[in-house]
Amino acid sequence: MENQIKIESEDENEEDVLKKCTPVTYLIEDAETCIPLLLSKESDIVCKTLCNLCKNIEADEQILIFLLPRGLFERVADLLKQELELDNLKYVLKLFGLIVTNITQIPKLNNNLLYDSLPRLLRLFFLNSDDFVKEASSLILIKVITFNPLLSIYVCYDKHLSNIIKVLQSSIDPDVLKNSLELMLLLMGSEDFRDQLNYFKRKHMNIFICLLDCDVEAIADLAMEVLYRISGMKLDKVSIKMAKGNTLPKMVFIIKNKVKRYTDKAIEIIENCVRNKEAAIYFGFKIDFIILLGFLVECDNNTLIKILPIFSTMTKIPVIRKKIYYESGEDILFQSLKYRNEDVVLNMCKIITNFTMHKDCLEKMLTPQLIKYLLEIFGQFPMDPHKINAMLAIYSFVKYEPATINYLKYTGGLDDIQRIFLEEQDGFPTNIYEMITEIICCVVCSPLKCKLNIPKLCEKLLDLLRSNYPNVKIILKMIAMLVQESSFRQQFILSNGPEYFISVIQTDSFSQTYQLNLNIIKNVLTYEEISNQFLNLGLMTILKSMMSKGKLDPNMFEEILSGLYNSCLPIKFFDNKFLTEQDIITSLFFLFQEYKLQDDSTEFKPIYIVNLPLYDDTDSSTSENIITENPESASKQSTSTKSTTPESILLKTLNNHSPGMRAILSYSYGDYSIEENFLPEDDYLDEYIEDLQNELSLSQLDVVEITKKIALFVQRQLSGILLTDSEEEKLSIFKRHIDEICAKLGHRFIPIGYLRMGYLCEKAFLFKVLCDSIGVASSFHQEKEGLFWNSVSKGMGEDDVYIVDFKNDIGELIQIDSDEARVYLEKEE
């Protein structure tokens with residue numbers, strides 16, 4: 001500028017120049033002339049210069065904008081670092097404040113000046129006792145950090161936060177308090193603030209609590225905002241300190257006394273804190289929490305909606321769950337049932353689920369009203385969270401209190417849940433459907449009587465297995481329970497259940513559910529119709545192959561084999577060559593025998609069968625707890641009768657059992673189609689049994705006498721070849737007898753009652769069949785050399801077992817360990 005005022009002579013000093021620069025001129029030139037005077041060593045001159053500049057800038061901000069590029073900021077920042085008199089310090093702070101207010105107008109701002117100024121500003125704020133200095137320095141800090149948030153890192157460093165707390169604790173100046181709180185809020189965006197916050201003590205939190213009662217609303221509002229922001233950080237240590245101190249009790253006071261402008265934040269502060277389990281426990285055992293529960297009972301709907309999340313979180317904690325319920329929890333729970341607000345419903349379902357974890361709460365809470373409420377919610381809201389939580393609550397009731405199943409039945413909920421499980425899988429989220437599946441599993445495993453559509457349930461379970469349902473274990477668990485039902489077993493076969501499990505154990509031998517699938521097979525094999533189906537599919541061959549490859553545990557193989565033997569006695573006898581007293585022959589038993597004529601080495605291989613309708617088709621093992629609804633299965637079963645008769649299933653089973661047995665069947669059965677031929681019922685055997693029952697019922701006989709009578713009866717029926725002494729002639733006669741029966745029947749399956757002659761094999765077999773039919777315990781054995789024999793027991797000890805004599809003195813008993821017995825068990829002629 002051309003008209004700058006300069007010192008023209010030595011007699012003209014700085015003060016004379018200053019007088020020329022009067023503030024009333026409002027000239028930029030005068031203000032610019034003042035800048036060099038800021039370097040004066042005279043304190044008064046500096047003071048007057050600062051005062052003059054402040055007045056000029058306040059009068060016209062354009063002066064500041066003009067002076068900033070000309071070094072004003074640097075001069076003021078340099079003055080701030082010096083130890084000035086109080087008046088000068090105040091003007092420096094005032095001028096610095098004006099500068100930072102217009103800091104965006106500074107071209108090429110040197111951020112280092114701001115950073116270098118922070119230590120001095122903080123010292124003035126923390127240590128200076130003058131309220132103006134504290135207010136001005138804190139205001140400058142706020143503006144500086146607002147302009148450059150990165151500078152907050154320095155403020156948070158070296159425990160400056162605790163100094164701010166001290167200012168809040170010691171100052172009574174409203175502006176200082178207000179600026180301090182605003183500074184705290186600014187610093188909260190820094191990660192360092194979070195770290196420093198962990199070192200806060202309860203007494204520090206209590207300072208903000210005290211400020212809530214400040215008469216200056218702005219200060220109280222800022223203190224509430226600070227507490228709200230701190231709680232929102234969800235720091236565990238801080239949450240615990242707030243719970244231990246006066247913070248949460250104060251929030252309860254605010255809520256209860258309906259301080260409207262703070263109520264929402266007070267609720268959120270409590271909610272944020274109790275997310276920490278330890279903090280929630282501290283709060284749960286304070287009287288203030290009980291007060292809050294009491295307030296919930298009488299509060300309005302809007303407040304209830306806001307506070308229920310706190311209630312929901314607190315009920316997750318086992319140590320205070322029961323206390324909550326018995327204080328006011330039950331009243332809150334049933335009061336909330338009348339609201340259909342979505343937020344209320346969502347939290348109520350969570351609360352109910354949490355309460356079900358405690359047995360006392362569950363028993364007291366379980367009512368038809370509550371179950372009906374949950375079922376209504378499940379059907380009312382389209383939003384997934386509500387359905388999930390309502391179904392989760394129902395599932396918790398079912399899981400922890402079996403009586404819930406009755407409530408579901410009486411309210412109609414069980415029918416809806418079953419319908420969803422069977423028909424509407426695609427219409428529900430996966431997690432909800434999994435809960436429904438688990439509820440169905442609880443119902444299936446329950447001893448209570450429930451109405452289930454067993455055939456459709458069987459189809460659905462198999463469909464889920466085939467579609468790789470994630471929770472395979474629960475599906476297999478249901479199958480293991482439902483297989484006790486005859487209708488399930490029928491549908492299991494019709495739906496190709498055995499085929500599925502056969503394919504799984506062949507192709508999936510290393511999966512986590514492999515053992516579970518083997519267990520299912522082991523369990524279902526106890527039922528004859530299913531075991532025959534598995535055998536028909538070649539189960540034995542598959543298991544033996546798996547054993548040879550090391551894919552099957554030997555113990556599991558033995559257990560499966562035991563199940564097969566129990567349900568299919570022909571297989572057991574074919575493999576083991578004996579039947580015990582517990583193995584009862586009823587019907588469809590096959591016995592293979594082989595004879596060879598000595599002269600021409602001609603072989604003939606009769607297959608003896610037992611085919612008596614001695615069992616009831618209604619399954620005596622069916623449980624009463626499930627009622628079957630199956631309008632379609634009867635028609636399906638009837639249409640498949642011809643191709644799946646018991647005879648055809650068993651014959652296919654035997655055919656698939658081993659190569660040796662296949663050869664026997666091929667030789668004996670010829671080209672006849674199994675599906676088109678039916679084995680004749682054994683009317684003769686039926687008469688035998690009836691005659692024996694009549695004879696034995698007339699008198700009281702012991703085991704010895706009964707055994708004798710049955711043996712003599714057998715001997716009479718099969719003594720036709722005893723008329724000749726020639727063994728070769730006997731065998732020829734016997735062969736002709738067999739051929740005549742086979743010609744009459746059209747195949748080589750001979751009902752045992754048709755025989756009129758026989759050797760030890762036929763006698764021992766008939767003896768076993770007759771004993772089992774009239775209830776006399778006996779065993780049936782075949783030695784390696786082809787000798788067949790029976791034994792009976794006279795007592796419980798091992799020494800009480802006796803061989804039944806069919807060679808010499810018919811019907812006499814021979815002690816099993818005697819020399820006579822060893823002679824008897826020599827090879828038959």
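The stops below begin with the whole chain and then turn to individual elements.

This is a predicted model, in which local features need pLDDT of at least 70 and side-chain atom pairs count only at pLDDT 80 or more, while totals for chains, interfaces and linings use all residues. Residues are numbered from 1 along each chain as its sequence is written, and side-chain values use heavy atoms, with hydrogens and water left out.

**The whole chain.** Colour by secondary structure: the chain has 45 helices and twelve strands. Helices (H or I, at least four residues) and strands (E, at least two) are DSSP runs numbered from the N terminus. Of the 829 residues, 52% are buried; buried means under 20% relative accessible area, exposed over 50%, and partly exposed in between (1.4 Å probe, protein chains only).

**Helix H28.** Select residues 430–445. This helix of 16 residues reaches 22 Å from its first C-alpha to its last, close to the 22 Å expected at 1.5 Å a residue; the expected span is 1.5 Å times one less than the number of residues. Its buried residues include Ile432, Tyr433, Met435 and Cys441.

Which cysteine sulfur is nearest to that of Cys445? A search of the whole structure finds zero disulfides, a disulfide being a pair of cysteine sulfur atoms within 2.5 Å. Cys445 is accordingly in no disulfide, and the nearest cysteine sulfur, that of Cys441, is 4.1 Å away. Cys445 counts as partly exposed because its relative accessibility is 28%. Select Cys771 next: Cys771 counts as buried, because its relative accessibility is 0%.

**The five-stranded sheet.** Display S2, S9, S10, S11 and S12, which form an open antiparallel sheet in the order S2-S9-S10-S11-S12. Two strands pair if DSSP finds at least two bridges between them. At the edges, S2 (578–579) and S12 (813–815) each pair on one side only. Within the sheet, S10 (residues 788–793) and S11 (residues 801–804) pair in the antiparallel sense over three bridges, and Val792 stands opposite Tyr802 in S11.

**Strand S3.** Finish at residues 589–592. In a regular strand the side chains alternate between the two faces of the sheet. Both faces of S3 are covered: Phe589 and Leu591 on one side, and Phe590 and Phe592 on the other, are all buried. Four bridges join S3 to S6 (residues 607–610) in an antiparallel arrangement, with Phe592 opposite Ile607 in S6.
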